[in-house]
Amino acid sequence: MSDCGAFGLTIIGFTGSVFSPYYKRSGRSDPVDHSCLNVALYGPRGARWTMTERGRNSVERSRDTLAIGDSSMRWLGDKLVIDIEERAIWLGCPVRPVVRGQVVVEPEVWSGQSFALDPARNHHWRSMAPRARVRVEMERPELSWRGSGYLDGNWGSEPIEDGFADWHWSRAHLGKEAAVLYEGVRRDGSRFATALRFDGSGRAHEEELPLGAPLPPTRWLMGRRTRADRGHARVVRTWEDSPFYARSAVASRLFGKDVLAVHESLSLDRFKSPIVQWMLPYKMPRRP
């Protein structure tokens, strides 16, 4: 999020795009053949969304670089440099505006810890940089801002919808520390919930779970929930509102501090539905 609070940005590099209908239909045997760079840029002007899937001939990988089409993510020393050359997707509009620019992520805190999300250890998550500074320099749309950020990664050995029914996650800065909350329901019906507090050295400490804080559903009637001191939280802005996924800015008090968190809710039951699978190619085109 930008320091002024007006802009938000999420970038995800996928090898094996977990929400791809093409990857699902292929049997998920070749993840590199279903790669994409998802860019979601939010703000009062210049909002953009890109998620064009590419085949393995358009993907290059090395120890420090992931290149997908004309876009790339690469480490330069301790900085993650993301060069974006994509086209936005507007539903119902044949015009696909160019999205071009550079984002630099500079971790302030590093973490080497990873966490298994299920007893069988089929799904893992790692918060690589619980705190980071972000520089955004976009040519198209023309935007420039600085803000706070975060860097993590997920990987798994089975489809995410096979492991979970739903999922709720949020991240907030706590002064020089950071907090991550996640909870949900696994496919076998068991519930999980964790509150992690990352200190200034990047070490995660599991905290007592704050009270459940109800949030209003989205326009698609997606359920959202989080946790906060005294069980109270407020949706400041809903950035992403889809039939099976929502991303929001949520204000609350957490571990004694007022925070503005990035919050995500995901319904894998909705994702699996034939209607949603039929809709997905319109939001996630595939190119060579």
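**Contacts, cavities and backbone features of the predicted model**

Leaving aside neighbours within four places in sequence, Ala213 is in contact with Arg225, Thr226, Arg227, Ala228, Gly231, His232 and Ala233. The structure described here is a predicted model. Ala213 belongs to strand E17, which covers residues 211-215. With a relative accessibility of 2%, Ala213 counts as buried. One of its contacts, Thr226, lies 13 residues away along the chain, and the C-alpha atoms of Ala213 and Thr226 are separated by 5.3 Å.

The structure holds 2 cavities of 30 Å³ or more. The largest cavity contains about 70 Å³ of space. Its lining is made up of Ser170, Arg171, Ala172, Ala179, Leu181, Thr226, Arg227, Val250, Ser252, Leu254, Val259 and Ala261. Two or more of these lining residues come from each of strand E13 (164-174), strand E14 (177-186), strand E18 (224-228), strand E20 (245-254) and strand E21 (257-267). By residue class, the lining of the largest cavity comprises 7 nonpolar, 3 polar and 2 charged residues.

The second largest cavity has a volume of about 60 Å³. Its lining consists of His168, Trp169, Ser170, Leu181, Tyr182, Glu183, Thr194, Leu209, Arg225, Thr226, Arg227 and His263. Here the elements that contribute two or more residues are E13, E14 and E18. The lining of the second largest cavity divides into 4 nonpolar, 5 polar and 3 charged residues. Ser170, Leu181, Thr226 and Arg227 are found in the linings of both cavities.

Tyr182, from the lining of the second largest cavity, also takes part in an aromatic cluster, in which ring pairs link Phe115, Trp125, Phe164, Trp167, Tyr182 and Phe192. Over the whole structure, 15 aromatic pairs are found. In the pair formed by Phe19 and Phe244, the ring centres are 5.6 Å apart and the planes meet at 55°, so the pair is classed as tilted. This pair links distant parts of the chain, 225 residues apart: Phe19 is in the loop between strand E1 (8-15) and helix H1 (21-26), and Phe244 is in the loop between strand E19 (233-241) and E20. Phe19 counts as buried at 14% relative accessibility, and Phe244 counts as buried at 6%.

Most residues other than glycine have a negative phi, and most peptide bonds are trans. A cis peptide bond, with omega about 0°, joins Arg140 and Pro141. Pro141 is located in the loop between strand E11 (123-140) and strand E12 (143-156). Positive phi values occur at Arg28, where phi is near 55°, and at Arg121, where phi is near 60°. Arg28 lies in the loop between H1 and strand E2 (35-42), whereas Arg121 lies in the loop between strand E10 (114-116) and E11. The relative accessibility of Arg28 is 19%, so this residue counts as buried, the cut-off being under 20%. Arg121, in contrast, is exposed, with a relative accessible area of 54%.

The structure holds 0 disulfides. Among its cysteines, Cys4 counts as exposed at 59% relative accessibility, while Cys36 counts as buried at 2%.

Methods: Residues are numbered from 1 along each chain as its sequence is written. This is a predicted model: local features need pLDDT of at least 70, side-chain atom pairs count only at pLDDT 80 or more; totals for chains, interfaces and linings use all residues. Side-chain values use heavy atoms; hydrogens and water are left out. On a 1 Å grid over the protein atoms alone, a cavity is a set of points where a 1.4 Å probe fits but cannot get out, and a pocket is an open set with protein on both sides within 12 Å along at least five of seven lines; lining residues have an atom within 4 Å of a point. Grid points are joined across faces, edges and corners, and a volume is the space filled by probe spheres set on the points. Helices (H or I, at least four residues) and strands (E, at least two) are DSSP runs, numbered from the N terminus. Ala, Val, Leu, Ile, Met, Phe, Trp, Tyr, Cys and Pro count as nonpolar, Asp, Glu, Lys and Arg as charged, and the others, Gly among them, as polar. A disulfide is a pair of cysteine sulfur atoms within 2.5 Å. Buried means under 20% relative accessible area, exposed over 50%, partly exposed in between (1.4 Å probe, protein chains only). Contact means heavy atoms within 4.5 Å. Rings of Phe, Tyr and Trp (its six-membered ring) pair if their centres lie within 6.5 Å; planes under 30 degrees apart count as stacked, over 60 as edge-to-face and the rest as tilted.
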